[in-house]
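Good morning, and thank you for coming. Today I shall present one protein chain, and I ask you to keep its sequence and its three-dimensional view before you as I speak.

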Amino acid sequence: MTKGNINVSVENIFPLIKKFLYSDHEIFLRELISNATDATLKLKHLTGIGEVKVEYGNPKIEVKVDKENKTLRIIDQGIGMTAEEVEKYINQVAFSGAEEFLEKYKDSAKDSGIIGHFGLGFYSAFMVAEKVEIVTKSYKDEPAVRWICDGSPEFTLEETADKTDRGTEIILHIAEDSAEFLEEGKIRELLLKYNKFMPVPIKFGTKTHTLPLPEDAAEDAVAETEEVDNIINNPTPAWTLAPSELTNEDYMKFYHELYPMQFEEPLFNIHLNVDYPFNLTGILFFPKLNNSLNIEKDKIQLYQNQVFVTDEVKGIVPDFLMLLRGVIDSPDIPLNVSRSYLQADGAVKKISSYITKKVADKMASLINENREDYEQKWNDIKVIIEYGIITEEKFAEKADKFTLYPTTDGKYFLWNELEEKIKPNQTDKDGKLVILYASNADEQHGYIQSAKDKGYEVLLFDSPIIPHVIQKLETSKDNVSFVRVDADHINNLIKKDEPVISKLTETEKESLKKNVEEAVNDKKFTVQLEDLDSTDAPFTITQPEFMRRMKDMQATGGGGMFGMGGFPEMYNLVVNSNSEFADQILKTENADEKESLIKYALDLAKLSQNLLKGKDLTDFIQRSYKQLEK
């Protein structure tokens, strides 16, 4: 038997491991399963290149809970260790056997799936165990050995006859304050969280399997059952396969394997696969979003060689793609470090840029392959695209190829198509393109119809972040302005070839404006007389575009920079001086009747803008009923 001190540079490393090395104690199981996977894949590689003449077979990793004896066992059928290797890899803290193996076989082992980079990984066991045993037998013809450490720097190492088969068994004697890790439910939860897609089968208990009845069995025959290994993981998840090996059904099956509580199918997926200048595989799914940003984020799972790292991918995945779901797997992502470190890592930043480019390329290919299908899906993906335009410059640069601009009539245009369609008919006096849009087709129906009657095209921008998108477009496009269809009156914005001739004299106009201002008597409203077509509404309420846009920005999270408090309510009351109602106001001699007419018309205009509420709405309805009775 050998006795000695573990070669560490501090006298009491174990309390440091327990308190500071890892932020979450539960990842000890991830580390130990990963080490067992490494041991198995090393053997697979060595037998594969003919360096080791042993039978690889169909090895698995087994996890056993013994609540009565307070032990947790992780057993592999991998490469095992000799006494000398235990001394080298276990007793010298932070010496990573996987790293040394990869260096030795760097040319032939680069695709072997060995995880590496663990260093202190094995010692995470002491976060939950008061004593740890290793019983291991190498594939070499050498005796098995048992290593024991009670959480101090002292250890024992001796030969043992208790193990005759190849591989390693880690026995954790669970500490009193970590008794939760003796619960089968907790261990199953951790295995499914961290090791669900490990490349070696993981057995956790057994399950009952019903044997098929023979063809000539009697009708009342009862099928026999047998117990089989309960393999808890999927060693070959979809992202490890080539796209050519997968059908759409395979992708959907994998999606529901990732998210068993999601019953709605994703719209489409993006299969990631790159080996230069970094290694990255993965599958991203586009869920249906409609117009909502209130969707659960952190649904992209980050893996390193099929080992789960985190689902908090902010700073690793571009912010706008946080709305997607799926898996990213890269051996270039550090495994056991903090999220803040990940976000600052150079390789991670390159990965983020690559994913952005890949998504942009996928969008462009989808619209080119099947424009009609892409248009049908637009309402479900537009929030992601728009979010990308305002947050990722490289994505915004490519976005003209696949960003659609729908009209209120259900037509869809790309930006170059839109310019070609509307520029001849919708420019201001300086030649700038004026794009009219509605944010709610039902509430703004009257304004939309009025604009369409004049031959203008009205776009439908109804996503929650559209104010920010418009601001981005106005700064990135030349000579274009966006105006909501119920904002500043379009007659003041779009150049008319033949201006409308006024029916009233200037004196009559002054009198009309004075009559309306006295009857309205509300500082929120600025009365404006316009020479409109006689068919246009007598009274129209608009809001100055700048003020309305600032309020929209504030409502969608962009108003904090503009000062404290909300913006004041300010509206324009546009009076059509060419309407018959304007004539009626001027001709009505009774002051009370004139005021009643103006207020009734104002209430109708308010009603069309959803501004008539509470007591004002109740009074309006009562007056309307009385008018009907007359």
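This is a predicted model: local features need pLDDT of at least 70, side-chain atom pairs count only at pLDDT 80 or more; totals for chains, interfaces and linings use all residues.

Let me begin with a term: a residue is called buried when its relative accessible area is under 20%, exposed when it is over 50%, and partly exposed in between.

Together with Y600 and L604, L607 makes a nonpolar surface patch of about 250 Å².

As a general point, an α-helix has 3.6 residues a turn, so residues three or four places apart point the same way.

I now come to F525, which is found in strand β20, residues 525–530. F525 has a relative accessible area of 9% and is buried, because buried means under 20%. Setting aside neighbours within four places in sequence, F525 is in contact with V520, I541, Y571, L573, L602 and K606.

The next topic is the backbone. In general, most residues other than glycine have a negative phi. K70, however, has a positive phi, near 60 degrees. K70 sits in the loop between β2 (61–66) and β3 (71–76), and with a relative accessible area of 37% it is partly exposed. A second case is N479, whose phi is also positive, near 50 degrees. Where does N479 lie? Its place is in the loop between α13 (466–476) and β19 (480–484). At 51% relative accessibility, N479 counts as exposed.

Finally, I turn to the aromatic rings. A pair of such rings is described by the distance of the centres and the angle of the planes. How many aromatic pairs does a search of the whole structure find? The search finds 26. One of them is formed by F197 and W239: the centres are 5.3 Å apart, the planes are at 75 degrees, and the pair is edge-to-face. This pair links distant parts of the chain, for the two residues are 42 apart. F197 is in the loop between α5 (184–194) and β8 (202–210), while W239 is in the loop between β9 (225–231) and α6 (248–258). F197 is buried, at 1% relative accessibility, and W239 is buried, also at 1%.

Another pair, Y374 and W378, is tilted, with 6.2 Å centre to centre and 40 degrees between the planes. Both residues lie in helix α9 (residues 371–391), four residues apart, which is about one turn of the helix. Y374 and W378 are both buried.

To close, F197 and W239 also belong to one aromatic cluster, whose other members are Y194, F254, Y255, Y259, F285, Y303 and F308. Thank you for your attention.

Technical notes. Residues are numbered from 1 along each chain as its sequence is written. Side-chain values use heavy atoms; hydrogens and water are left out. Buried means under 20% relative accessible area, exposed over 50%, partly exposed in between (1.4 Å probe, protein chains only). Contact means heavy atoms within 4.5 Å. Patches are made of residues with over 30% relative accessible area and no salt bridge: like charges are joined within 9 Å, nonpolar side chains (Val, Leu, Ile, Met, Phe, Trp, Tyr) within 5 Å. Accessible areas come from the Shrake-Rupley method with a 1.4 Å probe; for residues, only the protein chains shown count as cover. A salt bridge is a side-chain nitrogen of Lys or Arg within 4 Å of a carboxyl oxygen of Asp or Glu. Rings of Phe, Tyr and Trp (its six-membered ring) pair if their centres lie within 6.5 Å; planes under 30 degrees apart count as stacked, over 60 as edge-to-face and the rest as tilted.
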